[in-house]
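The following exercises are to be worked with the sequence and the three-dimensional model side by side. Each task is followed by a solution in steps.

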Amino acid sequence: MSMLHAYSLPRLLLQALALAAMTSYMYPSDAATQASDRAHTMALKPEQVQKLGIRSSQILPAGDAGRVMLQGQVTLPPNLLRVISSPMAALVEQVHVSKGDAVTPGQTLVSLNAPQLVEWQREYQQAQLQLKLAQQTAQRDDALLAEGIIASSRAQASQAQLQIAQATARERGQLLQLAGVKPNSGLSGHASLSAPSRGSVTDMLVQPGQRVEAGTPLLKFASAGALSIDMQASADVARRLRKGDLVRIKGCALPARIVSINTELDAGSQTVSLRAQWPQAHDCALPQQRVQAEVALTPSGDATQTGGWLVPASAVLRHDGQDILFIQRGSSFQAVAVRVVSQQSGASVTAGLTQVSPIAPARFTPDDKVVDQGAVALKGVLQGLGAQ
């Protein structure tokens, strides 16, 4: 019995090793696949991405649950709009911008002449003098308290007066900053209101020589950002739509997505209001532009089962005898082999897009972004040319 056991153990061990070798030959290990993925993945710093001119756009499912055409108008989202108003009663001395002008942060928009500003500056200087005196008094009383000359209540009163003086000085300084005046500047009745950020003037509400009261709107300002598309749909069509559905506009490579669907029907037009928004700023459409929007209803199930994915034609390159594209995930860019299914042509909004499907084991998701600008530079990095 012991001889049989001694004979069968080496034999079983050899069989197990042979089976493992056959299995590893027939089915490559996950570690090998992951090593191959890492070999085709590059991590770039933001300054490298900017230098190489890399830009990515959302990958689009080729199959969908249907399409509807809606009339729409490009608009500025409410979160980008603001009103610049006068902080005090003043005379509009000069208007430096016009409706539609693009402005940079800190650029002067309107100059005001306000006698009340001189009073605020005087009050600020008085508050600074009171603060300096309160600081000296508090320091002196702290020293006297340490020597036991005065009672602690007197030192506490000095500290309270110091806190009141600090609050008053801050209040007067913030009032001047709201008026567009540096707190430490000299006495002057002139103030300039500046652009809070990069953007554009959407409406000018005053003219030079006009007198305004505190709080009077002077102009309307729109910060730079992604634009929206306002659309109207019948009740039957609106019931088929949902948030996240893609909205494509002819001439715009990047699609928008529906972000809101009104729950009430307009009494006059008997339509439902919809709003779509682009994920980032672009220049393919202008505010107030009327457009024809093609809404792709969200497919149910995997897009690869309905024909693959749509990507810009510029995203597909040839490398080592096969078609590839680069998928951006965070700061990493991965080269993925794909099979070209068809080229979209004609006058539709999908013209210029290429339908592809990833070669296994690669998979795409609707959240992936494909590099549509700078792909050639990434290919050079992949071939070892480097990204300085």
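Predicted model: local features only at pLDDT ≥ 70, side-chain atom pairs only at ≥ 80, totals over all residues.

**Exercise 1. A strand and its partners**

Which residue stands opposite Leu 310 in β18?

Solution. 

Step 1. The residue facing Leu 310 of β18 is Leu 60. Leu 60 belongs to strand β3, which covers residues 60–61. Strands β3 and β18 are antiparallel and are joined by 2 bridges.

Step 2. A further strand, β22 (residues 353–358), is linked to β18 by 4 bridges, and this pair also runs antiparallel. Within the pairing, Val 356 of β22 is the residue opposite Trp 309.

Step 3. The side chains of β18 (residues 309–312) can now be assigned to directions: Trp 309 and Val 311 point one way, while Leu 310 and Pro 312 point the other way. Buried means under 20% relative accessible area, and all four of these residues are buried.

**Exercise 2. The enclosed space**

Determine how many cavities of 30 Å³ or more the structure holds, and which residues and elements line the largest cavity.

Solution. 

Step 1. The count of cavities at or above 30 Å³ is 1. The volume of the largest cavity is about 40 Å³.

Step 2. Its lining consists of Ser 57, Gln 58, Leu 60, Ala 253, Pro 255, Leu 310, Val 311, Pro 312 and Leu 353. Two or more of the lining residues come from each of β2 (55–58) and β18.

Step 3. Strand β18 makes the largest contribution, with 3 residues.

Step 4. Sorted by class, the lining holds 7 nonpolar and 2 polar residues, with no charged residues.

**Exercise 3. The largest pocket**

Which strand gives the most residues to the lining of the largest pocket, and what is the make-up of that lining by class?

Solution. 

Step 1. The largest pocket contains about 600 Å³ of space. There are 24 lining residues, and those nearest the centre are Leu 76, Ser 200, Ala 222, Leu 227 and Pro 287.

Step 2. At least two lining residues are supplied by each of β7 (102–103), β10 (199–204) and β12 (217–223). Strand β10 gives the most, namely 4 residues.

Step 3. The classes in the pocket lining are 12 nonpolar, 9 polar and 3 charged residues.

**Exercise 4. An open sheet and its edges**

Solution. 

Step 1. The sheet is open and has 4 strands in the order β9-β8-β6-β11, paired antiparallel. Strands β9 (190–194) and β11 (211–212) are at the edges and have a single partner strand each, so one side of each lacks a neighbour in the sheet.

**Exercise 5. Positive phi angles**

Locate Gln 270 and Asp 320, and decide whether each is buried, partly exposed or exposed.

Solution. 

Step 1. Gln 270 has a positive phi, near 55 degrees, although this residue is not a glycine. Gln 270 sits in the loop between β15 (256–261) and β16 (271–277). The relative accessible area of Gln 270 is 46%, and the residue is therefore partly exposed.

Step 2. Asp 320, likewise not a glycine, takes a positive phi of about 55 degrees. Its place is the loop between β19 (317–319) and β20 (322–329). Exposed means over 50%, so Asp 320, at 68% relative accessibility, is exposed.

Step 3. A glycine case follows helix α7: Gly 384, just after that helix, has a positive phi of about 95 degrees. Within α7 (residues 375–382), the buried residues are Ala 375, Leu 378, Gly 380, Val 381 and Leu 382.

**Exercise 6. The chain as a whole**

How many helices and strands does the protein chain contain, and what percentage of its residues is buried?

Solution. 

Step 1. The chain has 7 helices and 23 strands.

Step 2. Of its 388 residues, 36% are buried. The accessible surface amounts to about 22400 Å², and carbon and sulfur atoms account for 53% of that surface.

Step 3. Among contacts with a separation of 6 or more, 74% are between residues 24 or more positions apart.

Note on methods:
Residues numbered from 1 in each chain as written. Heavy atoms only, no water. Buried < 20%, exposed > 50% of the residue type's maximum accessible area, 1.4 Å probe, protein only. Pairing = 2+ DSSP bridges. 1 Å grid on protein atoms, 1.4 Å probe; cavity = no way out; pocket = protein on both sides within 12 Å on 5 of 7 lines; lining within 4 Å. Points joined across faces, edges and corners; volume = space filled by probe spheres on them. Nonpolar A, V, L, I, M, F, W, Y, C, P; charged D, E, K, R; others polar. Contact = heavy atoms within 4.5 Å. Areas by Shrake-Rupley, 256 points an atom, 1.4 Å probe, with all protein chains shown as cover.
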